[in-house]
Amino acid sequence: MSNLYFTEEHNLFRESLREFLKKEVVPHIDKWEETGRIERFIWKKFGDMGYFGLATPENYGGLDLDLFYTVIFLEEMQRINSGGFAAAMWAHAYLAMTHLNKEGNHEQKEKYLKPSALGDAIGCLCITEPFGGSDVAGMRTTAVKKGDTYVINGSKTFITNGVYSDYLVVAAKTNPELGNKGISIFVMDRDTPGISATKLDKLGWRASDTGEIAFDNVVIPASNLMGEEGQGFPYIMQHFSLERLIMGVNSHARAEYALEYAKQYMSERTAFGRTIDKFQALRHTYADCETQMEICKQFNYYVAKRLDMGDYVVKEATMSKLQSTKMADDVIYQCLQFLGGYGYMEEYPLARMSRDSRLGPIGGGTSEILKEIIAKMVIDNKDYKPAT
């Protein structure tokens, strides 16, 4: 483990987390993959262990630790080979909870953030819409102020934890005529009248519940507004760096796990009188894969260090997700090939891993969108600023 970034405390945390996942999570993964529903007891166990509060202030039930505890959390979650389970956990802890932590007031944090850190409440973040995709500014969901309430109408889609969560952090337009300057963020309870969710059937990430959510004249108190009205777009943009880095770290971690598994398999599988790790074509392909994974991993650690220091790493985090998700797809595709026919069998881990990995270049901003963001920064000299 790199001593540039990880201390002895980090390494001990990794060991204990890996043991916890092996004992408490792995025995249930196949069931959750099959049913598409993660049972509530595991959320509470994660909360009890402090895993949801790694980046949350102590006065709201968290541990307020540096970002490399989060990196370890993400890396170890990929090793249990359920992209859906990992996504449900990090979407709660780093999408919903991040907005609550940054934009929520004290009352909102007491009501939603603290129970989230303790595993007593599950959250989801609702930004993407059926017609908008990566075009956040083009969202159609509206929040119209009426007296001391807002009335929400519209829909969201591809929302992780969108069906079984207890509360929703929702982006909506309070001033549609202002475009991206008219977006605001709200928090609302799942059981608020007018909220309905439909579960989506996905190629991968089978364990997580991904929902399409409809808001039909949903009335919420004006006090459910998070932060300032009209500041939703910069709030969302501000947190995209963390989300993109998370997906970059996830990618190098699952690629590393795939390579470990493939290396072990190749050392045991024989053909023509020798193990297949002795064939030059396979050895050199493996070396290429290992190289690409390691380059992404070290870059991701560097970006995590910068983000932890408070730097605004929009460009670097965007590059992290763009390159790491492509690398993971390429590496996992090749690792499946190393296994031959067994790679295509469901009882071997590469089948699920290849399905789960394919979401990488799509979710959290498609690779095409990310390339345009990078192009704007490096060609047009566009400078993205944090929310004030």
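The model is predicted, so local features need pLDDT of at least 70 and side-chain atom pairs count only at pLDDT 80 or more, while totals for chains, interfaces and linings use all residues. Residues are numbered from 1 along each chain as its sequence is written, and side-chain values use heavy atoms, with hydrogens and water left out.

Reader: At what angle do helix α8 and helix α9 pack?
Author: Helices here are DSSP runs of H or I with at least four residues, and strands are runs of E with at least two, numbered from the N terminus. Axes are lines fitted to C-alpha atoms, for helices over the stretch in contact, and angles run from 0 to 180 degrees between N-to-C directions. For α8 (residues 314-338) and α9 (residues 349-357), the axes are 10 Å apart and the angle is about 160°.

Reader: Which orientation class do α8 and α9 fall into?
Author: Angles under 35 degrees count as roughly parallel, over 145 as roughly antiparallel, 65 to 115 as roughly perpendicular and the rest as oblique. The angle for this pair is about 160°. α8 and α9 are therefore roughly antiparallel.

Reader: Is the crossing of α8 and α9 left-handed or right-handed?
Author: A crossing is left-handed if the near helix is turned anticlockwise from the far one by less than a right angle, and right-handed if clockwise. By that rule, the crossing of α8 and α9 is left-handed.

Reader: Which residues of α9 make the contact with α8?
Author: Contact means heavy atoms within 4.5 Å. On the α8 side, the contact is made by Ala328, Asp329, Ile332, Cys335 and Leu336. On the α9 side, the residues are Leu350, Ala351, Met353, Ser354 and Ser357.

Reader: How many residues of α9 are buried?
Author: Buried means under 20% relative accessible area, exposed over 50%, and partly exposed in between, with a 1.4 Å probe and protein chains only. The buried residues of α9 include Pro349, Leu350 and Met353, and the buried residues pack against α1, α4 (83-103), α6 (232-268) and α8. α9 is largely enclosed by the rest of the structure, because the buried residues number seven of the nine.

Reader: How are α1 and α3 oriented to each other?
Author: The axes of α1 (residues 8-35) and α3 (residues 67-78) come within 10 Å and cross at roughly 30°. That makes the two helices roughly parallel.

Reader: By class, how many charged residues does the contact of α1 with α3 have?
Author: In α1, the residues involved are Glu9, His10, Phe13, Arg14, Leu17, Arg18 and Leu21, and they meet Phe68, Tyr69, Ile72, Phe73, Glu75, Glu76 and Met77 in α3. Ala, Val, Leu, Ile, Met, Phe, Trp, Tyr, Cys and Pro count as nonpolar, Asp, Glu, Lys and Arg as charged, and the others, Gly among them, as polar. The contact has eight nonpolar residues and one polar, and the charged ones number five.

Reader: What is the centre to centre distance of the aromatic pair of Phe13 and Tyr69?
Author: Rings of Phe, Tyr and Trp (its six-membered ring) pair if their centres lie within 6.5 Å, and planes under 30 degrees apart count as stacked, over 60 as edge-to-face and the rest as tilted. Phe13 in α1 and Tyr69 in α3 are 56 residues apart. Phe13 is buried at 12% relative accessible area, and Tyr69 is buried at 11%. The pair is edge-to-face, with 70° between the planes, and the distance is 5.2 Å.

Reader: What relative accessibility does Phe52 have?
Author: Phe52 lies in the loop between α2 (40-49) and α3. Ring pairs link Phe52 into a cluster that includes Phe13, Trp43, Phe46 and Tyr69. Leaving aside neighbours within four places in sequence, the contacts of Phe52 include Trp43, Phe46, Met89 and Met97. Phe52 counts as buried, at 2%.

Reader: Which orientation class describes α3 and α6?
Author: Their axes come within 8 Å and cross at roughly 45°. α3 passes α6 in a right-handed crossing. The two helices are therefore oblique.

Reader: Is Phe158 buried or exposed?
Author: Phe158 is in strand β3 (residues 149-160). Phe158 has a positive phi of about 60° although it is not a glycine. At 59% relative accessibility, Phe158 counts as exposed.
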